[in-house]
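Please look over the structure below.

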Amino acid sequence: MATMYFTLSILLTLLHHSEPSAETSVFVQKGQDVRLNVQTHVTLKKDVDVIFWKFNTLHNVVKYPAKVTFERYQGRAELIAGDFSLLLKNLQEGDSGLYDAVVSGNNDRNVATYLIKVQERVEPPVLTVDSLSSINGTCNVTVTCRGQNISVNSSCNSSTCSQVGESRRAETSTVPLLSVYVAGGFIICNHSNQVSWANDTKEIKTICLEKEGDKEDHNYAVTVGMPGPIIHVIIIFVGCALIGW
């Protein structure tokens, strides 16, 4: 009797470990396709077992046998009979959710669980220079990196950037990541999510040289400029000399 209980315990343990323990998160760019594989070995008993792929546990997507794609997913989903995987096509944000593969027969068992998150491609960010300063000969640049619903303010020099502020225009469930850093002599504003990225860059050397050029132009203007009262004095002096004073 003890041997029978021990054997039963092993069988239950193997059954438990043959099923997925948690959902697998998958990020998909809007408009792209994705293929979901079963996560354990599947053998269907003839005339007994049927495999279903379900969306959010309520909606049937496909089943086999017979190979059927349910009306809501006609043209957008396909079951690959050879390995029971699910091909989802042209995913939209409304397709985000939980996808389960369930073998239904004498006993139902879950053979795959995925959490699909559909995201749009991020918009290109915009990097702007707010101010410049020079400390001990080091050019420091304050910049703003703007992306979707978020902006980041950073202070940068030739080797590093430090974030000094952040603002969000709206809260969303999938806020893209916005980062500012220095690489190869450029300040890089990088905008990314789990499916795409884009960046805007500015060369530090060019920014600092423009600052020096502006400073020289400003100094030149001050040097040759002459206040109004002084001009008047010079005009009066020249006039008196001409009339013999």
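The questions and answers below concern a predicted model.

Q: What makes L36, I51, W53, V61, L86, L88 and I116 stand out in the largest nonpolar core?
A: Core members must be buried, nonpolar and joined through side-chain atoms within 4.5 Å. Of the 27 residues that belong to this core, these seven touch the most other members.

Q: Which elements give two or more residues to this core?
A: They are β1 (24-29), β2 (34-36), β3 (50-55), β4 (59-64), β6 (77-80), β7 (85-88), β8 (97-104) and β9 (109-119). The largest share, 5 residues, comes from β9.

Q: Which residues are said to be in contact with V61, leaving aside its neighbours within four places in sequence?
A: Contact requires heavy atoms within 4.5 Å. W53, K54, F55, V68, T69, F70, Y73, A77, L86 and L88 are in contact with V61.

Q: What other core is there, and which residues does it include?
A: There is a second, separate core of 17 residues, with L127, V141, I150 and C156 among them.

Q: Why are β14 (177-183) and β16 (197-203) said to stand at the edges?
A: The open sheet has 3 strands in the order β14-β15-β16, with antiparallel pairing. β14 and β16 each have a single partner strand, so one side of each lacks a neighbour in the sheet. From one strand to the next, the twist averages 20°.

Q: How do you know that β15 and β16 pair?
A: Pairing takes at least two bridges between two strands. Strand β15 (residues 186-192) is joined to β16 by 7 bridges, so the pair qualifies. The two strands run antiparallel, and C189 stands opposite D200 in β16.

Terms used: Residues are numbered from 1 along each chain as its sequence is written. This is a predicted model: local features need pLDDT of at least 70, side-chain atom pairs count only at pLDDT 80 or more; totals for chains, interfaces and linings use all residues. Side-chain values use heavy atoms; hydrogens and water are left out. Buried means under 20% relative accessible area, exposed over 50%, partly exposed in between (1.4 Å probe, protein chains only). Helices (H or I, at least four residues) and strands (E, at least two) are DSSP runs, numbered from the N terminus. Axes are lines fitted to C-alpha atoms, for helices over the stretch in contact, and angles run from 0 to 180 degrees between N-to-C directions.
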